[in-house]
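I opened this entry to keep track of what I looked up, one item at a time.

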Amino acid sequence: GESVPRGYLQVLVSKDTQPIPVDHSGRVELGQWLTDVENGAGLLAARVMANRVWRHLIGQGLVRTVDNFGRTGEAPSHPGLLDYLAGELIESGWSIKSLVRQIVLSRTFVMSSAHDESGHELDTENRLLWRAHRRRLDPESLRDAMLATAEQLDVAWVESTVSYLGDQATAVGKNENRRRTDFPCRSVYLPVIRNDLPELFEAFDFADPHATTGARSQTNDATQGLFLLNDTMVMDAAEAMARRLGGQGDPATRMDRLFDSILCKRPTEEERNEFARFL
């Protein structure tokens, strides 16, 4: 068939958009078009970007379908706010730092997640942001928190956790050299091999490495509980924590220190009694 000339997404192209020169790679032109608010995709890109920043900071996007701004996606809960944030992003020269600062200095960002019966009755899904969204740790933070609490986390910079694999990690055929995850480093350095993710990532809804993922799925299933009960890294961290607290005073004192180290709070009377019975 006839060769199709390179171009941009037609639904977002104005009549003044210049075609990509045939002797150019097109990367620069694509970047300029994506941020062009007059004749390109800039107005949409700014909204998508502002929505993702909001989602990471607040816990839920103004448009909850962060990967879908089309007709089959969900309408924004606060369209005026989304437009304002997108406008601020453009005005600041596309400064993410400036946008983050503006959001974290807002009243919405510092709200408590405490339940309120009247608010819940009017807005069950908290779309009007009368409280903070309750959020759970992602698998990277969960792993780092367990190792840090057990004083096993090495926060030093790591050059590579896949250098020992050579070409085998991506080669066709049987891989004789399995990737490792038993490093004491931060989770951000763990190997992400598309068809062989670390087990913790598999269990706790890590982003799909085969696709762009604006919002990770969140599941609750039995494999997560089984992982925490049986994984070697979790068991080692628990034993290290127990050894560290073992000689620190009577059971009540150890209990206080355990709660303080892991949950940053003191146990309630009910929790004290339950733990005392367990011991």
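**Ala-46 and its surroundings**

I listed the contacts of Ala-46, setting aside neighbours within four places in sequence, and got Ala-86, Leu-89, Ile-90 and Trp-94. The model I am reading is predicted. I placed Ala-46 in helix α2, which covers residues 42–58. Is Ala-46 buried or exposed? I noted it as buried, because its relative accessibility is 0% and the cut-off for buried is under 20%.

**Salt bridges**

I searched the whole structure and found 15 salt bridges.

I took Arg-64 and Glu-125, whose side chains meet at 3.5 Å, N to O. Arg-64 sits in the loop between α2 and α3, and Glu-125 in the loop between α5 and α6, so this pair ties together parts 61 residues apart in sequence. I have Arg-64 as partly exposed, at 28% relative accessibility.

I went on to Arg-244 and Glu-151, a salt bridge of 3.4 Å, N to O. Arg-244 is in helix α9 and Glu-151 in the loop between α6 and α7, so parts 93 residues apart in sequence are tied together. Arg-244 is partly exposed at 26%, and Glu-151 is exposed at 58%.

I ended with Arg-266 and Asp-256, which meet at 3.7 Å, N to O. Arg-266 lies in the loop between α10 and α11 and Asp-256 in helix α10, so the parts tied here are ten residues apart in sequence. I recorded Arg-266 as exposed, at 55%, and Asp-256 as buried, at 15%.

Definitions and conventions
Residues are numbered from 1 along each chain as its sequence is written. This is a predicted model: local features need pLDDT of at least 70, side-chain atom pairs count only at pLDDT 80 or more; totals for chains, interfaces and linings use all residues. Side-chain values use heavy atoms; hydrogens and water are left out. Helices (H or I, at least four residues) and strands (E, at least two) are DSSP runs, numbered from the N terminus. Buried means under 20% relative accessible area, exposed over 50%, partly exposed in between (1.4 Å probe, protein chains only). Contact means heavy atoms within 4.5 Å. A salt bridge is a side-chain nitrogen of Lys or Arg within 4 Å of a carboxyl oxygen of Asp or Glu.
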